[in-house]
Amino acid sequence: MHIKDFFDVSRLDRIMSDWSKATGMATIAVDNEGNYISGEIGFTDFCMKYTRGSSEGSRRCVKCDNECTGVYFCHAGLMDFSIDIMVEGQYLGKIIGGQILPNPPDEEQFRRLANELGIDEEEYIRALGKIPVRSEDEIRASANLLGEIINMMVNFEYTKKKSSRVIDVLDKEVNQAVECVHSINEKSKNLDKIERNQKILALNASIEAARAGDAGKGFAIVASKVGELAGNSADINSSIKVSLSQLTSIMEKMEEVNK
């Protein structure tokens, strides 16, 4: 199952963009195959151009991406997050981002990091100065809130799509059931004709047996049995009609509901 099968991923961009503007945090959505399904929203030069732009910085960032979940501190001292998108216990992707400082930065610490990663110190510090600062509690609450909102939206759309498929199947089954009821009603009418013919046959046989006298006694027995069969057929047919009437009423109500 893929998230794009039932969810309009363009909605992610709108929600995540507004969220990023409100919090100052970067974010992006990834599907269960590792493909980006939203734009890169709010990403900073400090992280993307400089830290990930260096070979050693990229190696450390990838290690964090693969090993860290929830809200966490990255190797550079910034706070990031990785929150799974789950539907019925199945992993469909994740929301990742962050790139924000939980405290005012220690410039000397980041100068040392720049040297470790082979990045120009002054450029790195200028990029660092553009990163917003939020308290750790604010960062954790904002990231978790985004994850909950996205998961609620995705699960709602999945349930709606699933319900729609069930309704489509139900509509088809109801239509088939209605056709079957109509067919049975037509066949019941044929039973009426058979029942009438049996009664006529039994009556005629009785008349002929009476005319034949003693010679027609055996024929009279047959006529009697035919009459009994006609009576039994009438009882069965009457019972079928009652059931059909009830079933027809139910089918008509179901048709009205599905219109």
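Colleague: Which residues of helix H4 are called buried?
Modeller: Phe 110, Arg 111, Leu 113, Ala 114 and Leu 117 are the buried residues of H4, which spans residues 107-117. Buried means under 20% relative accessible area, exposed over 50%, and partly exposed in between, with a 1.4 Å probe and protein chains only as cover. Helices are DSSP runs of H or I with at least four residues, strands are runs of E with at least two, and both are numbered from the N terminus. This is a predicted model, in which local features need pLDDT of at least 70 and side-chain atom pairs count only at pLDDT 80 or more, whereas totals for chains, interfaces and linings use all residues. Residues are numbered from 1 along each chain as its sequence is written, and side-chain values use heavy atoms, with hydrogens and water left out.

Colleague: Why are the buried residues of H4 said to line one face of the helix?
Modeller: Seen down the axis of H4, the buried residues fall within an arc of 160°, so they line one face. The arc is taken from the directions from the helix axis to the C-beta atoms. The face turned away from that side carries the exposed residues Asn 115 and Glu 116.

Colleague: What covers the buried residues of H4?
Modeller: The cover includes helix H2 (45-51), helix H3 (55-67) and helix H5 (121-128). Contact here means heavy atoms within 4.5 Å.

Colleague: What makes Asp 106 a cap of H4?
Modeller: A side-chain oxygen of Asp 106 lies 3.2 Å from the backbone nitrogen of Glu 108, at the N-terminal end of H4. A polar contact is a pair of N or O atoms within 3.5 Å; within protein, one must be able to donate a hydrogen and the other to accept it, and residues adjacent in sequence count only if both atoms are side-chain atoms. Just after H4, Gly 118 takes a positive phi of about 75°.

Colleague: Is Ser 142 buried or exposed, and how do you know?
Modeller: Ser 142 has a relative accessible area of 18% and is therefore buried. Ser 142 lies in helix H6 (residues 136-212), and its side chain reaches the backbone oxygen of Glu 138 at 2.8 Å. Leaving aside neighbours within four places in sequence, Ser 142 is in contact with Trp 19, Thr 23 and Met 25.

Colleague: Where is Gln 99 placed, and is it buried or exposed?
Modeller: Gln 99 is in strand E4. At 5% relative accessibility, Gln 99 counts as buried. Its phi is near 55°, again a positive value in a residue other than glycine.

Colleague: How much of the chain is buried?
Modeller: Buried residues make up 35% of the 259 residues. The chain has 7 helices and 4 strands.
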